[in-house]
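Subject: Structure handover

Hello,

Here is the structure for you to look through. My notes on it follow below.

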Amino acid sequence: MAIEFAALPLPPSADPSKFNDFGREVKGLQPGALTDEQFKEIEQALYKHGVLLFRNADVTPEQQYLLTKKFDPQSESYGHGNNKTGSTKKSILHPDLKTIPSVPQVQLIGNGTVYNHWGLEEAKLKHPSHVTFHKTVVSPEEEAQGATRFYRWHIDAALYDLNPPRVTSLYGITVPQGPEQVCKYDDGTGDELPVPLGTTAFVSGKTMFDILPKEYKSLAVRTKVVYAPHPYVWMAPARAMSTGLGIETEGLELSLDELPPWEKEKIKTLPVLWKNPATGGLHFQVHPCGARKLVIDALPDGASKEGALYPEGAHITDLGEVRGILYKMQRPAIAPPLVYPHNWSEKDLVLFHNRGVLHTVVGAFKQETVRAFHQCNLAASDEPAGPSSEDVKAFA
Ligand SMILES: [Fe+2]
């Protein structure tokens, strides 16, 4: 029997014409108990729609891990590596993740203190907040009125040594309810987005590419991003932009010799556009915070040079310029009408195509508010595929 899919409920802020293919609720299935045949259909649906929601899911950490692994059977370790070594303690991700002892690929994330949780006697959790990451912050007065920010737009990926996971699963176990907040962009545009408390916000990487003007499509299809070694350690002293879509260029990043030991061979150089394995579509998948350099290919033979950006190709090593180019291409896609803020209910299991969407934590909780989620993603067995030579010809 075919699986029943329904559209995700869009908020009034969203432009429905931009969400035709984006996101589906899967009806009547327990995600922890899929047959192989059902899984195949779910896999294709996830790559096609980017985000799948199962409501009222009952999923143990083991089942969540096994489901996530099904998308990449050869993958094994957590997306950032299973073992937290001394060097990762300096990483900005370190305080946000608590490993489930019996299933180290699954992380407990959330807020407040959780007791006797799958082998964790006591876990103190802290919902990541823009206050500790952005250069500027929402004033206490505004915050009291419900103003907040996107924390950090990203792909789940170590961006060094390990390959970006194909899929992330997020399972809401304790989901505090509360008044809506207003996410401020504070970038001079006046943009703001009403969001459910503690939403996870998603945008489509395909839309991010599709809405670019022709000259930027040509640039995107020809460009690769070189990420910093140990990017989350590298960026730790730096401060993010008010939209959470990258880092302010103030020279605060660690220098490469201040980083934990690293090897040149483990540095990740990934295409700007990642090819969807089900649809062949191109998704703009850049983690702007970790980007350090851009490598731009020249236009292919026969392509028109009129209006072309970097027609002869370029290696861009100036961090401000790298970030400026990426921001110009990514900012349009996080405009309020293009954001899907998921309104979490308890027992929601969300699967997202980590190679097809970008996402961010949003909002702020009171210190004592308890929120508990399980998150799983696995460092992939392969690198994402970039544009084909036909894609380059079509868009360059
Ligand atoms: Fe994430």
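V225 stands opposite L294 in strand 16. The two strands concerned, strand 12 (residues 223-227) and strand 16 (residues 291-296), pair in the antiparallel sense over five bridges. Strands here are DSSP E runs of at least two residues and helices are H or I runs of at least four, numbered from the N terminus; two strands count as paired if DSSP finds at least two bridges between them. Strand 16 also pairs with strand 17 (residues 314-316), again in the antiparallel sense, over three bridges. There, I296 has A314 of strand 17 as its bridge partner.

Before you go further, please note that this is a predicted model: local features need pLDDT of at least 70, side-chain atom pairs count only at pLDDT 80 or more, and totals for chains, interfaces and linings use all residues. Residues are numbered from 1 along each chain as its sequence is written.

**The sheet 7-9-10**

Three strands form an open sheet in the order 7-9-10, with mixed pairing. Strand 7 (147-148) and strand 10 (192-195) are at the edges; each has a single partner strand, so one side of each is left without a neighbour in the sheet. Strand 7 and strand 9 (residues 181-184) pair in the parallel sense over two bridges. A147 has V182 in strand 9 as its bridge partner.

**Two residues with positive phi**

Most residues other than glycine have a negative phi. D161 has a phi near 70°, a positive value, and is placed in the loop between strand 7 and strand 8. D186 also has a positive phi, near 50°, and its place is in the loop between strand 9 and strand 10.

Are these residues buried or partly exposed? The cut-offs use C-beta atoms placed from the backbone: a residue is buried if 20 or more other C-beta atoms lie within 10 Å of its own, exposed if 12 or fewer, and partly exposed in between. D161 counts as partly exposed because it has 16 C-beta neighbours inside 10 Å. D186 has 20 such neighbours inside 10 Å and therefore counts as buried.

**Helix 2**

Which residues of helix 2 (residues 61-70) are buried? They are P61, Q63, Q64, Y65, L67 and T68. The buried residues of this helix pack against strand 4 (98-100), strand 5 (103-117), strand 8 (167-174) and strand 21 (371-377). Contact means that the C-beta atoms of two residues, placed from the backbone, lie within 7 Å.

Regards
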